[in-house]
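Trainee: Can we go through this model together? I'd like to know where each label comes from.

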Amino acid sequence: MLKIAVCVSGGGTNLQAIIDSINSGKLENTKIVRVISNNPNAYALERAKNAGIDAVCVSPKSFKNRSEFNDALLAALNEADPDLIVLAGFLVVIPLNVIETYRGRIINIHPSLIPSFCGTGFYGLKVHEAALARGVKITGATVHYVDEGTDTGPIIMQKAVEVKEGDTPEILQRRVMEQAEWIILPESIGLIAKETEKK
Ligand code: GRF
């Protein structure tokens with residue numbers, strides 16, 4: 001059984017896609033052992049509670065400095081003892097202590113086809129605004145391993161999505177979520193779960 005901790009900051013639709021994939025049996029041998037958010041108002045925390053999943057908030061505002069927050073984040077992860085950490089819209093720079101402790105066991109979903117429209121400053125709607133500004137005809141989403149860089153780790157899976165005439169950033173974001181993110185994130189976790197079962 002692959003134990004996963006999911007880190008969130010917002011609406012949690014990617015978290016919900018994982019929950020639904022597990023509940024439908026599509027995603028096997030996987031259990032969400034904890035959901036962690038840096039944002040106490042994240043609806044993702046509600047989604048976790050509705051699904052009976054342990055949900056905790058570790059907010060930078062609760063600590064006197066970044067180092068204390070980083071330590072608290074690592075402690076919240078270690079307490080859940082996950083095999084894999086899934087960043088699902090987690091708007092926090094992952095501290096080195098977490099990367100070193102969980103090296104090779106952290107994945108992230110990014111709403112573009114890396115190496116396009118990624119790196120510092122490219123998150124949420126900004127990614128889709130940049131894709132529309134560039135005039136690309138195809139965009140999509142990427143699941144990749146997390147290393148010390150921003151969106152720089154080895155790519156696990158990608159899925160292309162068509163950009164349509166008249167798309168706004170919001171319309172494009174929704175299409176990328178529906179047609180790519182919510183599919184490849186559970187599928188990527190499933191690949192890792194299968195590899196773990198073989199070991
Ligand atoms: C998604 O667009 C994801 O690609 C990006 O942040 C957003 C999170 O959305 N990393 P949600 O919280 O999963 O709904």
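**From labels to numbers**

Mentor: Start with Ser 112, which is buried at a relative accessible area of 0%. Keep in mind that this is a predicted model, where local features need pLDDT of at least 70, side-chain atom pairs count only at pLDDT 80 or more, and totals for chains, interfaces and linings use all residues. Residues are numbered from 1 along each chain as its sequence is written, and side-chain values use heavy atoms, with hydrogens and water left out.

Trainee: Why is Ser 112 called buried?

Mentor: Buried means under 20% relative accessible area, exposed over 50%, and partly exposed in between, with a 1.4 Å probe and protein chains only. Ser 112 has 0%, so it is buried. You'll find Ser 112 in the loop between β5 and α5. Those element names follow DSSP runs numbered from the N terminus (helices are H or I of at least four residues, strands E of at least two).

Trainee: How do you know that Ser 112 makes a polar contact with Phe 117?

Mentor: A polar contact is a pair of N or O atoms within 3.5 Å; within protein, one must be able to donate a hydrogen and the other to accept it, and sequence neighbours count only if both atoms are side-chain atoms. A polar atom of the Ser 112 side chain lies 3.3 Å from the backbone oxygen of Phe 117, so that pair is inside the distance limit.

Trainee: What makes the backbone of Phe 117 worth a look?

Mentor: Phe 117 isn't a glycine, yet its phi is positive, about 50°. Most residues other than glycine have a negative phi, and most peptide bonds are trans. Phe 117 sits in the loop between β5 and α5 and is buried, because its relative accessible area is 17%. In that loop you also find Pro 115, and the peptide bond from Ile 114 to Pro 115 is cis, with omega near 20°.

Trainee: Why does Lys 26 count as exposed?

Mentor: Lys 26 has 69% relative accessibility, so it clears the exposed cut-off. Lys 26 is in the loop between α1 and β2 (30-37).

Trainee: Now the ligand. What makes a residue part of its surroundings?

Mentor: One of the residue's heavy atoms must lie within 4 Å of the molecule. The residues around the ligand include Gly 11, Asn 14, Ile 109 and Glu 181. α6 (169-198) is one of the elements that supply at least two shell residues, and α6 gives the largest share, three.

Trainee: How does that shell divide by residue type?

Mentor: Into three nonpolar, seven polar and one charged.

How values were computed. Ala, Val, Leu, Ile, Met, Phe, Trp, Tyr, Cys and Pro count as nonpolar, Asp, Glu, Lys and Arg as charged, and the others, Gly among them, as polar.
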